[in-house]
Amino acid sequence: MTAENNKIYLYPVWLRIWHGINAIGIILLILTGIRLQYSELSLMPMDFSLAVQLHNIFGIIVTVNYFIFFVGNLVTPNKKYYKIKPKGLVKRVTKQVNYYISGLFKGEESPFPISEKRKFNPLQKYAYIFVMYVFVPVAIVTGIALLFPELIIEQVYSVSGVFLTAILHGSVGFLISIFLLIHIYVASIGKNPLDNFRSIVNGYHDVHPSEKNKKS
Amino acid sequence: MPAENSHCLNCHANHTYSFFNEWLEVETKRMMNPFYVLDSINYVAGVHGGFSCTDCHSPDYETYPHNAELKLEPLATCIDCHGGDDTYADYQFDKIEEEFQKSIHFQKSGESFTCSKCHDQHYYRATARTSSNVSEIVSYNNNMCLSCHDNALRFETMSSEESPKLSQVHDWLPNQKLHFDKVRCIECHTVVVDSFMVSHNILPKEEALRNCNDCHSSNSMLKASLYKYENLQARSEDGALGALITNEAYIIGANQNPLLKLLSFIIFGLAVIGIAIHWIFRIVKKSK
């Protein structure tokens, strides 16, 4: 077995470029977003107007970038990883959760090891679907609305439309940051904590002997 | 409007006026000086709409041609009528006068800067007190400032300096147009006094507010000024929660929902604790 055989090519170039831009964009959006929302806590020594400008600029970059993800997943084979399979969904997700909270510490093997057919474990897959097809689009739509407040319905019953939009934008932004926190942490679970970070940069996933045996 | 006003308005509510020229013995029609044309509809809607012209102007105006010296007659200032006025005690005219005397307008121009430079006696409406629409309050209020600060001719009557171009001196302000449409000039250009509806101490430009956080934070200054009255009113009608959700405006950083804020801190805290515990277990397991 050559070293090459131990690697599978999981992340195509377009996906890695998208992910890189998205990662930087989202991190900056979260930081500037916190700066704007909790300005009285002085969490960040950044000028308010600079934070507004950066938030707008990176909002637009992440929006445009989202279309790379969306179109890429329509036209390339990468779409198969995002297919929802309702049958046994809860069972599979529970199995993965159990692995993370107990199996992992008992030295059990991962119930859904990475292969070319299965890039994501079930928990990961549905988390990504939620974030990328619900949270991020909601953040984009409400963000565009806040950039052009004249587009927003002025009053929904007696509540300001801008106010509702802003609450939704802030809430979904918060959920995305919680996702990011967990996403980064879970990525550090592996043979070596840096393995997964290296993979998303060079595209290759190292298959460990145990995974390889299971596959064959 | 009192009926006797029609005598004046026959000419002064129109762009032309007619009179019998006794020297030439002919009926004559002339253009009215546009600065002396009164908008009678706006006059009636204004706070002094029920006044007779001669309540303030000399009764000698009732004859035509008007005596040229009448132009020099001293007109009553706000405080002449409203000083110590119990009927309008709520408006705190005496305090306004006191505040105004500290302002840059008074410092630069003294007594010649009368109330009417901003508050046109013919048309003035107390929008901040009567309107429930913040945009209306903002634009009405800002137009008072703009009537000189965006009008070179009127500005010249008060100052020998050149009127600075507003868009240029405010170019540091992000979303300038949005701010101009949604916020009153006085929000940044006056000292906000808590016990007071509208501050009249207009500051020199160097002292104007330039710190975004002063408005864009949970203890936003706007709550003490622009939204003060509205919030008080809303609170008495719907309770605190009502005031929170029926607020017409949204200001980044200022409209924080305390419940959502607390919830977000709890969720964030739990996520961090969860990760920390998991991490510790991983380290423990690895070291075994």
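What follows is a conversation that goes through the labels and the values behind them.

Colleague: What kind of model is this, and how is chain A built up?

Modeller: This is a predicted model, and chain A has seven helices and four strands. Read from the N terminus, the order of those elements in chain A is β-α-α-α-α-β-β-α-α-β-α. Of the 216 residues in chain A, 38% are buried, and the accessible surface of chain A is about 12200 Å², with 70% of that area belonging to carbon and sulfur atoms.

Colleague: What share of the contacts in chain A joins residues at least 24 apart?

Modeller: If one takes the contacts between residues at least 6 apart in sequence, 67% of those in chain A join residues at least 24 apart.

Colleague: What makes Trp18(A) and Phe69(A) an aromatic pair, and why is the pair called tilted?

Modeller: The search of the whole structure gives 25 aromatic pairs over all chains. For Trp18(A) and Phe69(A) the rings are 4.6 Å apart, centre to centre, and the planes make an angle of 35 degrees.

Colleague: How do you know which class Thr142(A) falls into?

Modeller: The relative accessibility of Thr142(A) is 6%, which is under the 20% limit, so Thr142(A) counts as buried. Thr142(A) lies in helix 4 (residues 122-147) of chain A, and, apart from neighbours within four places in sequence, Thr142(A) is in contact with Thr165(A), Leu168(A) and His169(A).

Colleague: How is chain B made up, and how much of chain B is buried?

Modeller: Chain B has 14 helices and two strands, and buried residues account for 30% of its 288 residues. The accessible surface of chain B is about 18700 Å², with 59% of it on carbon and sulfur atoms.

Colleague: What makes up the contact between chain B and chain A?

Modeller: The contact draws 34 residues from chain B and 31 residues from chain A, and the two chains bury about 3000 Å² between them, 68% of it on carbon and sulfur atoms. Between chain B and chain A there are zero salt bridges, while seven residue pairs are in polar contact, both residues being at pLDDT 80 or more. On the side of chain B that touches chain A, helix 13 (228-245) and helix 14 (258-287) of chain B each supply at least two residues, and the largest share of that side, 15 residues, comes from helix 14 of chain B.

Colleague: Why is Glu25(B) called exposed, and what is noted about its phi?

Modeller: Exposed means over 50%, and Glu25(B) has a relative accessible area of 60%, so Glu25(B) is exposed. Its phi is positive, about 55 degrees, although Glu25(B) is not a glycine. Most residues other than glycine have a negative phi, and most peptide bonds are trans. Glu25(B) is in the loop between strand 1 (16-21) and strand 2 (26-31) of chain B.

Colleague: Which residues does the cis peptide bond join?

Modeller: The cis bond joins Tyr64(B) and Pro65(B), with omega about 0 degrees. Pro65(B) is in the loop between helix 3 (53-56) and helix 4 (78-82) of chain B.

Definitions and conventions
Residues are numbered from 1 along each chain as its sequence is written. Chains are lettered from A and ligands numbered from 1 in the order in which they are written. This is a predicted model: local features need pLDDT of at least 70, side-chain atom pairs count only at pLDDT 80 or more; totals for chains, interfaces and linings use all residues. Side-chain values use heavy atoms; hydrogens and water are left out. Buried means under 20% relative accessible area, exposed over 50%, partly exposed in between (1.4 Å probe, protein chains only). Contact means heavy atoms within 4.5 Å. Accessible areas come from the Shrake-Rupley method with a 1.4 Å probe; for residues, only the protein chains shown count as cover. Rings of Phe, Tyr and Trp (its six-membered ring) pair if their centres lie within 6.5 Å; planes under 30 degrees apart count as stacked, over 60 as edge-to-face and the rest as tilted. Buried area is the accessible area (1.4 Å probe) that two parts lose on being put together, summed over both. A salt bridge is a side-chain nitrogen of Lys or Arg within 4 Å of a carboxyl oxygen of Asp or Glu. A polar contact is a pair of N or O atoms within 3.5 Å; within protein, one must be able to donate a hydrogen and the other to accept it, and residues adjacent in sequence count only if both atoms are side-chain atoms.
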